[in-house]
Amino acid sequence: MIPDGALPPIPTLGKSQLPRGFSYPLGASAVGEALASVPQYDKFTLSFSSQSPILNPPMRIPGYPIIRFTYSNYPEYIPREASLGGRPRRQGGERWHFDILPVLFERRAMLQQLLISTGLPLLRDWLTGPETPAGQTKRLACSVWYFEDSGVMELHKEEPV
C-alpha cells in the first residue's frame with residue numbers, strides 16, 4: 001500500500017541479467033525519488049538494460065552512458081498480425097522511458113552517489129526545462145554519461161525527430 005501523498009513507484013518493465021563483475025548503479029526507487037517533481041512522472045516507465053558499450057570491450061571511448069531516457073509519441077495502431085487473429089496489442093502512443101545501464105561492480109557505490117548528486121538532477125532539470133518533449137516531437141532521447149578520465153557526469157542530448 002502506498003502512503004497518502006506518496007507517489008507510486010515508476011513501473012519497471014524488465015531487468016536484464018548482467019555478466020559477473022557488473023551491476024546496476026541505481027534502483028527504481030532512487031530514480032523515482034529524484035524525479036518525483038517532474039510533471040510527467042505518472043507516464044514514466046523504467047527498465048534495467050544490458051545494452052551498453054561498457055559490456056563490449058575493448059571500449060575506445062573515454063566514457064559511457066549510465067541512464068538513457070527516450071520519449072516517443074507515434075500514432076497508435078494495432079499491428080497487422082494482431083488484426084489477423086493474434087492477441088491485439090497497441091503500438092505507438094506516448095512513451096516516457098528510462099533505461100538504467102550497467103557499471104563495473106567496483107565503481108557502483110561511487111557512481112550511485114554521483115548519479116544521485118549530479119546525474120539525476122541533470123535529467124530532472126532537462127525534463128522540466130524548455131527542451132522537454134512536447135507538441136509534434138515524435139522522438140527525443142538523452143543519456144547521462146560518465147567520463148572516467150575526468151570523473152565528470154554529463155547529459156548528452158540527441159536531436160529531436
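Ser143 lies in strand 7 (residues 139–147) of a predicted model, in which local features need pLDDT of at least 70, side-chain atom pairs count only at pLDDT 80 or more, and totals for chains, interfaces and linings use all residues. Residues are numbered from 1 along each chain as its sequence is written, and side-chain values use heavy atoms, with hydrogens and water left out. Strands (E, at least two residues) and helices (H or I, at least four) are DSSP runs, numbered from the N terminus.

The relative accessible area of Ser143 is 11%, so Ser143 is buried (buried: under 20% relative accessible area; exposed: over 50%; partly exposed: in between; 1.4 Å probe, protein chains only). Leaving aside residues up to four places away in sequence, Ser143 touches Pro65, Ile67, Arg68, Glu154, Leu155 and His156 (contact: heavy atoms within 4.5 Å). Between Ser143 and Thr70, 73 residues apart in sequence, the C-alpha to C-alpha distance is 8.6 Å.

In strand 3 (residues 44–48), 5 of 5 residues are buried. In a regular strand the side chains alternate between the two faces of the sheet. Phe44, Leu46 and Phe48 are buried on one side of strand 3, and Thr45 and Ser47 are buried on the other. Strand 3 pairs with strand 1 (residues 12–15) in the parallel sense over 3 bridges (pairing: at least two bridges found by DSSP between two strands). Phe48 of strand 3 is the bridge partner of Lys15.

Helix 3 (residues 108–128) bends by about 50° at Leu115, the bend being the angle between axes fitted to the seven residues ending there and the seven starting there. Leu115 is also one of the buried residues of helix 3, which include Leu114, Gly119, Pro121 and Trp126.
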